[in-house]
Amino acid sequence: MPATVLTKGSLIEIFSSLQGEGPLVGARQVFLRLAGCNLDCSYCDTPFVPGPTFRVETEPGSGSSRDLPNPVAVQDLLHLLSPWNKNFPGLHHSLSLTGGEPLLQTDFLSELLPELKKLWPVYLETNGTLPEALECLVPYLHWVSMDIKLASVTGFPTPWVQHRAFIEAALGTELIVKTVFGSETPLAELEQAAHLLRETAPQALWVLQPVTRRGRVEIPPQHILAWHSHLSQIHPHLRLIPQLHVFLELP
């Protein structure tokens with residue numbers, strides 16, 4: 001009888017903290033950060049290169065951690081996470097599946113998520129460029145928080161075609177669309193994003209997130225308010241939410 005082949009995934013870290021972005025800002029989550037990314041955004045400050053080990057907190061919010069070997073099997077990962085659910089009831093609102101880009105490890109997630117959603121509702125954070133990878137995972141996701149990657153801040157052309165297909169694939173979830181913008185962002189780029197949402201997902205929440213540099217938002221408040229007024233005429237489900245964890249110095 002052939003041996004069972006275990007599906008394994010490559011991780012960066014597992015920790016407990018507050019969600020620092022979007023409409024769940026301030027909610028306590030388990031963060032499961034997967035390794036690897038298919039993009040290289042100029043503003044990204046998140047390590048995503050896979051290594052021989054990953055970091056896991058010894059207890060939620062303790063700040064102490066240990067290193068475990070990569071890649072990790074699904075059952076071993078569930079063995080790590082289940083005590084957090086059992087021993088700390090009510091502490092975590094949900095689990096954030098983040099990266100890098102989690103959807104690069106679809107085979108691993110296809111096996112993991114049906115079990116993981118039994119512990120907490122799952123909040124996927126993604127760059128919104130891999131719609132085919134998303135399709136088989138939608139039944140296991142409560143929220144999909146996807147980015148619209150603007151050329152003015154990433155340094156590469158905005159993948160409008162992939163973003164449109166991704167939004168359409170995510171419509172079976174509670175969809176949140178995040179757009180990072182900076183002082184260099186032309187209004188026309190944000191208008192194109194607003195029109196895309198109005199056409200494909202008029203009920204989706206759109207979160208504008210100003211770039212944070214050196215611990216502060218550098219865009220003048222008058223500029224932010226004027227753009228918010230204009231863009232909300234195109235897509236009214238609009239919020240402007242900066243990064244919370246930068247100001248609180250949280251991971």
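Are Tyr-123 and Trp-143 buried or exposed? Tyr-123 is buried, and Trp-143 is buried too. Keep in mind as we go that this is a predicted model.

Let's stay with the aromatic rings for a moment. A pair of such rings is described by the distance of the centres and the angle of the planes. The structure holds three aromatic pairs. In one of them, Tyr-123 and Trp-143 sit 5.9 Å centre to centre with 55° between the planes, a tilted arrangement. This pair links distant parts of the chain, with Tyr-123 in strand S8 (residues 122–126) and Trp-143 in strand S9 (residues 143–147), 20 residues apart. Phe-181 and Trp-227 form another tilted pair, at 6.1 Å centre to centre and 35° between the planes. Here the link runs from strand S10 (residues 174–181), which holds Phe-181, to helix H7 (residues 221–231), which holds Trp-227, and the two are 46 residues apart. Phe-181 counts as buried because its relative accessibility is 3%, and Trp-227 counts as buried at 13%.

Next, turn to helix H5 (residues 160–169), where His-163, Phe-166, Ile-167 and Ala-169 are buried. Because they cover an arc of only 160° around the axis, these residues lie on the same side of H5. The buried residues of H5 pack against S8, S9 and S10, along with helix H3 (131–135) and helix H6 (187–200).

Now for the charged side chains. The structure holds seven salt bridges. One of them joins Arg-33 to Glu-13, with the closest N and O atoms 2.8 Å apart. Since Arg-33 lies in strand S3 (residues 28–34) and Glu-13 in strand S2 (residues 11–18), the pair ties together parts that are 20 residues apart in sequence. Both Arg-33 and Glu-13 are buried. Glu-13 also meets Arg-55 in a salt bridge of 2.6 Å, N to O. Arg-55 lies in strand S4 (residues 53–57), so this pair ties S2 to a part 42 residues apart in sequence. Arg-55 is partly exposed, with a relative accessible area of 25%.

A further salt bridge connects Glu-21 and Lys-178 (2.7 Å, N to O). Glu-21 is in the loop between S2 and S3 and Lys-178 is in strand S10, 157 residues apart. Both Glu-21 and Lys-178 are buried. Salt bridges that share partners join Glu-21, Asp-147, Lys-149 and Lys-178 into one network.

Finally, what about the cysteines? The count of disulfides comes to zero. The closest cysteine sulfur to that of Cys-136 is in Cys-37, 18 Å away, which is too far for a bond. Cys-136 is partly exposed, with a relative accessible area of 40%, and Cys-37 is partly exposed at 26%.

Notes:
Residues numbered from 1 in each chain as written. Predicted model: local features only at pLDDT ≥ 70, side-chain atom pairs only at ≥ 80, totals over all residues. Heavy atoms only, no water. Phe/Tyr/Trp six-rings, centres within 6.5 Å; stacked < 30°, edge-to-face > 60°. Helix = DSSP H or I, 4+ residues; strand = E, 2+ residues; numbered from the N terminus. Buried < 20%, exposed > 50% of the residue type's maximum accessible area, 1.4 Å probe, protein only. Arc of directions from axis to C-beta. Contact = heavy atoms within 4.5 Å. Disulfide = S-S within 2.5 Å. Salt bridge = Lys/Arg side-chain N within 4 Å of Asp/Glu carboxyl O.
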